[in-house]
Amino acid sequence: MSSPAVAARQTADAFGLLPTVETALADCDYGDWSGRSLEEVAESQPQALHDWLSAPDCAPHGGESVTAVRDRVGSWLDAQHRAGGRVIAVTHPLVIRVAVVHALGLPMATYRQVDVEPLAVVRLTSQGARWHLRLGG
């Protein structure tokens with residue numbers, strides 16, 4: 001499965017995957033900040049950016065809060081857990097960060113401590129009762 005973003009679909013294609021587009025895997029809706037660099041936002045709206053980075057429930061840009069992204073991704077992840085089987089998801093770093101937080105039942109504020117590099121492979125596995133984060137190859 002893939003985020004609807006062109007970059008995610010192209011990444012899946014590059015790995016030889018034929019992804020189904022899944023809207024739940026979309027990146028955060030950055031609202032008024034879409035298409036702007038973090039530096040531009042920091043320069044023009046420093047307090048709003050600070051608020052958004054400090055409070056996961058905050059969405060001063062008119063888009064989604066990080067908590068809303070976690071809720072959307074968490075619902076999708078829970079459905080995958082119930083369905084069983086294997087899924088490869090090609091998506092965005094923020095989506096992966098909140099998926100890890102949700103799966104492991106971590107406090108929402110810890111999402112900022114989960115660093116996801118471009119093209120990283122993050123494995124969430126389950127034997128039915130709970131999710132496990134698998135690191136390494």
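In which helix does leucine 104 lie? Leucine 104 lies in helix H5, helices (H or I, at least four residues) and strands (E, at least two) being DSSP runs numbered from the N terminus. The structure is a predicted model, in which local features need pLDDT of at least 70 and side-chain atom pairs count only at pLDDT 80 or more, while totals for chains, interfaces and linings use all residues. Residues are numbered from 1 along each chain as its sequence is written, and side-chain values use heavy atoms, with hydrogens and water left out.

Leucine 104 has a relative accessible area of 33% and is therefore partly exposed; buried denotes under 20% relative accessible area, exposed over 50%, and partly exposed the range in between (1.4 Å probe, protein chains only). Together with Leu106, Val122, Leu133 and Leu135, Leu104 makes a nonpolar surface patch of about 420 Å². Patches are made of residues with over 30% relative accessible area and no salt bridge, like charges being joined within 9 Å and nonpolar side chains (Val, Leu, Ile, Met, Phe, Trp, Tyr) within 5 Å. Accessible areas come from the Shrake-Rupley method with a 1.4 Å probe, and for residues only the protein chains shown count as cover.

Helix H4 (residues 66–83) comprises 18 residues and reaches 26 Å from its first C-alpha to its last, close to the 26 Å expected at 1.5 Å a residue; the expected span is 1.5 Å times one less than the number of residues. The buried residues of H4 are Val66, Thr67, Val69, Arg70, Val73, Gly74, Trp76, Leu77 and Gln80. These buried residues pack against helices H3 (46–54) and H5 (93–104) and against strands E1 (123–126) and E2 (131–134), contact meaning heavy atoms within 4.5 Å. Just after H4, glycine 84 takes a positive phi of about 75°.

Two salt bridges are found in a search of the whole structure, each defined as a side-chain nitrogen of Lys or Arg within 4 Å of a carboxyl oxygen of Asp or Glu. Glutamate 64 is paired with arginine 72, the closest N and O atoms being 2.9 Å apart; glutamate 64 counts as buried because its relative accessibility is 18%. Arginine 70 forms a salt bridge with aspartate 71, with the closest N and O atoms 2.9 Å apart. Aspartate 71 has a relative accessible area of 41% and is therefore partly exposed.

Alanine 12 lies in helix H1 (residues 6–14) and counts as buried because its relative accessibility is 0%. Leaving aside neighbours within four places in sequence, alanine 12 is in contact with Leu17, Pro19 and Val90.
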